[in-house]
Amino acid sequence: MSLFKARDWWSTILGEKEEFDLGCLCVADVDNSGSGQDKIIVGSYMGYLRIFNPHPVKPGDEVQPEDLLLEVQLREPILQVEVGKFVSGTEGLHLAVLHCRKLCVYAVSGTLGNVEHGNQYQIKLMYEHNLQRTACNMTYGPFGGVKGRDLICIQSMDGMLMLFEQESYAFGRFLPGFLLPGPLTYSSRTDSFITVSSCRQVESYKDLKGVIVTLSDDGHLQCSYLGTDPSLFQAPKVDSREINYEEYDAEMKKLQKIIKEATKTQDILPKSEKHRDVIVTAEVSPDLDAESQAIDSEVKAESVPSVTVKITIQSRVTAQKPNLAVCVQAPLAVTCDQFVFDDLEPDSSETVMLSVFLKGNCSPSELEGNCLVSYNRPTELNPEGIPKVAECNFSLPLRLICFPAQPSKAANHKITIDTNKPPISFVTIFPDFVDPSEDDQTNVLGFQFLTGSKTTLLASKTSQRYRIQSDQLEDLWLITKQLKLRLEEHFKKQNCKDFACTFSGSIPLQEYFELIDQHFELRLNAEKFRELLSERAVQFRAIERRLLTRFKDKTPAPLQHLDTLLEGTFREVIALADAAEENQANVFRAFTKLKSATHLVIMLISLWQKLSADQVAILEATFLPLAEDTQELGWEETVDAAISYLLRTCLSKSSKEQALTLGSQLCMPKDTSRLKKNITLFCDRLAKGGRLSLSTDSATQQAVVMPGGCTTIPESDLEERTVIPGSTATLPSHGQMAKQKSKPGCFTSDSNLVQWTPLVVEVHFPVFLHLEGVSSVCF
């Protein structure tokens, strides 16, 4: 029996038939009086908010009216009231009132009244949060150890904790295993939230690492932490022995030697394994498909052929989630480009068949494809598997995009390739285009492209030259490439190691510049369409806003033909969008043609100057830096920056040129005059002996070759020599510097002797990388 009893000091009855709950009561100095006297704040489910300042009364006396400081009815039921530092910028106490779908924070203040009237109190809304979920209860405190302010945590009816940093919503988290909401409080000592789950267990959650406090239904209170058991094993003491410094020194030298050997290689990627885990192979059918598998092709030919590619995946180990991707360069397309397989067991294989065809209405710049298999290889330490890839390339037949046709005698564009071996019959090197029964096609052959253009290939009967001619410059590329590859393959089978091709004509820069101008003009059109679309869209939205304003008006004014203007603007937007889409397709076709012509120019320059494979790689990186052309980063500005860098470094003529600096940002130029000037200057520097080198020496090395004479190279008897205006790259290669005598059957022409002094330059050439979101990076 206790000595103490609850004695009545002050009491009152709140309203009539009102309901209250655990969170409807709060005691605090809510008006910040500074006297240290707390007030009683009570909220009810009927929406009444009352604040009392109780005073002692004698037994039997009624409650004095001045004890009730404030009584206000809010529109929504009050679930809970709390007092804390809830307003930023001040450490004063404010009142937080929780409703079902709203959290309101008020400031309570009082003013002195007259003699007849007591003090007057009022509340002022500081801010409120509209809740997305129905609230159950809340708690507050200095979460995370903050000082000078309190944060609020609200528990919803569906088990979500919503945290508010005063006027701002911070984040929300769902309680695990939630069924029904329970009481929620905050412990400042452990900086954690404590609640009771539906399993009647006390759970502590800690916005940090710490102790987890749990209470079971049978009264077992436990504090636990997440960790591991310490090891009780102690290593036994070993007998001390004398240190053999000579042995340690020998071991150190051995390890240093291993480290030195390992750091010698400069390869970024690891070397390929001797036996790969997964091997992917692609086999292209030698014949075209009997029944074409072309789907939605834009080519206007009578029939679009297709060729079957058989892809085999062989696995030596367990391969999880294998995924095969097949890629060909547009405008080529495949019937299916993605394949997903079940897990491959060791020594198992999968085979798929697909067809490749020409989908776009232009010739591709490359007849090559790529297969890429991605998979996971499980290990003991990582059962989910380590991501790995395997890939292979395949070449497509020329018959996929063209077929034999009658040769053409005249053409707008012609190039001549010289060889050091007698000409080979086309029956031998082009058996897929020549009928062996037709003897008249042994030295002349016609190619009809599916897109409509025609290219003719001729072999000289009296010299070691081949000529390729066509009405389109870009159509010369694939035929020239096929001729070079098939000649090299033929002489390789004959065990001839000294076969070589050269080019002694003029680089067709003027025709190449025309393709550049066509592509750039379409890019300018795309920019104009974008601006017009933006203007019409702004106009459309402005008209739409005016119409909505008039429709919402209670006394609407006349439309004044705004509806007609809206319809007309809408039609303009649709027309501009269609025109922009058509222009984008033209940009793609122009860029494809430009890539083909660029490949041709690179090949001609390499044959003209007898460049090595490394130097050809530099040319390709300079002139073909982008796989896809965009408005943000286009071909013209990228190539211009690369060529400008070459001209001021390895191809510079003076220290003044080397001191020039390039812009740090690439942007679309106003015209192509600078680019065409730099390309012409680039070819001129190569003609005068400039060389590209990937030497590791940082200093520029120059070596002067003794002056010598050379004659201009005569063209074949198949064509007359023509010099393209504006092209300066017409000087001969080094192998033809000596005078050549006219022989029967050789091509001759009258020309003057040209004296020149080539200059060989070897420099350290920077490597350009194209990164996502970065214009260019130089190392």
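Two strands count as paired if DSSP finds at least two bridges between them, and the strands themselves (E, at least two residues), like the helices (H or I, at least four), are DSSP runs numbered from the N terminus. The model is predicted, so that local features need pLDDT of at least 70 and side-chain atom pairs count only at pLDDT 80 or more, whereas totals for chains, interfaces and linings use all residues. Residues are numbered from 1 along each chain as its sequence is written, and side-chain values use heavy atoms, with hydrogens and water left out.

**Exercise 1. Describe the chain as a whole.**

Solution. Begin with the secondary structure: the protein chain holds nine helices and 37 strands. Turn next to burial, where buried means under 20% relative accessible area, exposed over 50%, and partly exposed in between (1.4 Å probe, protein chains only); of the 779 residues, 40% count as buried. Finish with the accessible surface, which comes from the Shrake-Rupley method with a 1.4 Å probe and amounts to about 47,100 Å², of which 52% belongs to carbon and sulfur atoms.

**Exercise 2. Follow strand β3 and its partners.**

Solution. Start with β2 (residues 39-43), which four bridges join to β3 in an antiparallel arrangement; within this pairing, G43 has L49 of β3 as its bridge partner. The hairpin of β2 and β3 has four residues between the strands, and there G47 takes a positive phi near 95°. Then look at β4 (residues 68-73), which runs antiparallel to β3 and is joined to β3 by five bridges, with I51 having L70 in β4 as its bridge partner. Last, consider how covered β3 (residues 48-52) is: four of its five residues are buried.

**Exercise 3. In what order do the four strands of the open sheet lie?**

Solution. The order is β18-β19-β23-β21, and the pairing is antiparallel. At the edges stand β18 (278-284) and β21 (332-334), each of which pairs on one side only. From one strand to the next, the twist averages 25°, an angle between N-to-C directions of axes fitted to C-alpha atoms, on a scale from 0 to 180 degrees. Between β19 (residues 306-315) and β23 (residues 348-358) there are ten bridges, and V309 stands opposite L354 in β23.

**Exercise 4. Describe the largest pocket.**

Solution. On a 1 Å grid over the protein atoms alone, a pocket is an open set of points with protein on both sides within 12 Å along at least five of seven lines, a cavity is a set of points where a 1.4 Å probe fits but cannot get out, and lining residues have an atom within 4 Å of a point. The largest pocket has a volume of about 1,100 Å³, and of its 40 lining residues, the closest to the centre are E366, W477, H599, E620 and L624. Two or more lining residues come from each of β20, β24 (368-377), α3 (476-493), α5 (562-609) and α6 (613-623), with α5 giving the largest share, eleven residues.

**Exercise 5. Describe the two largest cavities in turn.**

Solution. The largest cavity has a volume of about 90 Å³, and of its 15 lining residues, L175, F178, V196, S197 and E203 are the closest to its centre. Both β14 (192-196) and β15 (202-205) supply at least two residues of this lining. The second largest cavity holds about 40 Å³ of space and is lined by I417, T480, L483, K484, L487, C501, M603 and L607. To this second lining α3 gives the most, with four residues, while α3 and α5 each supply at least two.

Methods
Points joined across faces, edges and corners; volume = space filled by probe spheres on them.
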